[in-house]
Amino acid sequence: MGRLKNVCPHIIDMDMVKDEAGRPALQYQFAFETEVGTFDWVCKRCGSRVSENTIQVVRRRLERALEHNFGGTAKGLLEAQDKTTKLIEKVNRLGGAP
Ligand SMILES: [Zn+2]
């Protein structure tokens, strides 16, 4: 399921909020969880396996993108999240693992 991994933004609990100054902000959590017995982190949604260093890189890249173009980045993330959910549903319907 390479397609799912390409689409998945590795994020859960995404929510549009306002910061203290009343500006739009994005609240999110990464979907990565540690895998027992390894130093790897695994995305709960798509199964991507990454190092902790990679998560930091992804987080920094995302925060920079949000600073640069909040509306477009948030919109892109919501769309990617949507696509990921649909792909996961499709995989589940077919009875396969993601
Ligand atoms: Zn993922």
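**Confidence, strands and core of a predicted chain**

Colleague: Where in the chain is confidence lowest, and where highest?

Modeller: Helix α1 (residues 2–7) is lowest, with a mean of 87, and strand β4 (residues 41–43) is highest, at 95. Those values are pLDDT, the predictor's confidence in each residue, from 0 to 100. This is a predicted model, in which local features need pLDDT of at least 70 and side-chain atom pairs count only at pLDDT 80 or more, while totals for chains, interfaces and linings use all residues. Residues are numbered from 1 along each chain as its sequence is written.

Colleague: And what is the mean pLDDT of the chain?

Modeller: The chain has a mean pLDDT of 91, and 96% of its residues reach 70 or more.

Colleague: How many helices and strands are there?

Modeller: Three helices and five strands. The pattern along the sequence is α-β-β-β-β-β-α-α. Helices (H or I, at least four residues) and strands (E, at least two) are DSSP runs, numbered from the N terminus.

Colleague: Which way do β1 and β2 run?

Modeller: Strand β1 (residues 11–18) and strand β2 (residues 24–30) run antiparallel, joined by six bridges. I11 has F30 of β2 as its bridge partner, and K18 has P24. Five residues lie between the strands of this hairpin, where G22 takes a positive phi near 85°.

Colleague: What is the order of the open sheet of three strands?

Modeller: The order is β3-β4-β5, with antiparallel pairing. Two strands pair if DSSP finds at least two bridges between them. β3 (32–34) and β5 (49–50) are at the edges with a single partner strand each, so one side of each has no neighbour in the sheet. β4 and β5 are joined by two bridges, and V42 has R49 of β5 as its bridge partner.

Colleague: Changing topic: which residues make up the largest nonpolar core?

Modeller: Eight residues: L4, V7, C8, F32, W41, C43, C46 and L87. A nonpolar core is a set of buried Ala, Val, Leu, Ile, Met, Phe, Trp, Tyr and Cys residues joined through C-beta atoms within 7 Å. A residue is buried if 20 or more other C-beta atoms lie within 10 Å of its own, exposed if 12 or fewer, and partly exposed in between, with C-beta atoms placed from the backbone. Buried residues are 14% of the 98 in the chain.

Colleague: What is F32 in contact with?

Modeller: Leaving aside neighbours within four places in sequence, F32 is in contact with H10, W41, V42, C43, V50 and I55. Contact means that the C-beta atoms of two residues, placed from the backbone, lie within 7 Å.

Colleague: Why is F70 partly exposed?

Modeller: Because F70 has 14 other C-beta atoms within 10 Å. F70 lies in helix α3 (residues 70–94). Its C-alpha atom is 8.2 Å from that of P24, 46 residues apart along the chain.

Colleague: How many residues has α3, and what does it reach from first C-alpha to last?

Modeller: α3 has 25 residues and reaches 36 Å, close to the 36 Å expected at 1.5 Å a residue. The expected span is 1.5 Å times one less than the number of residues in the helix.
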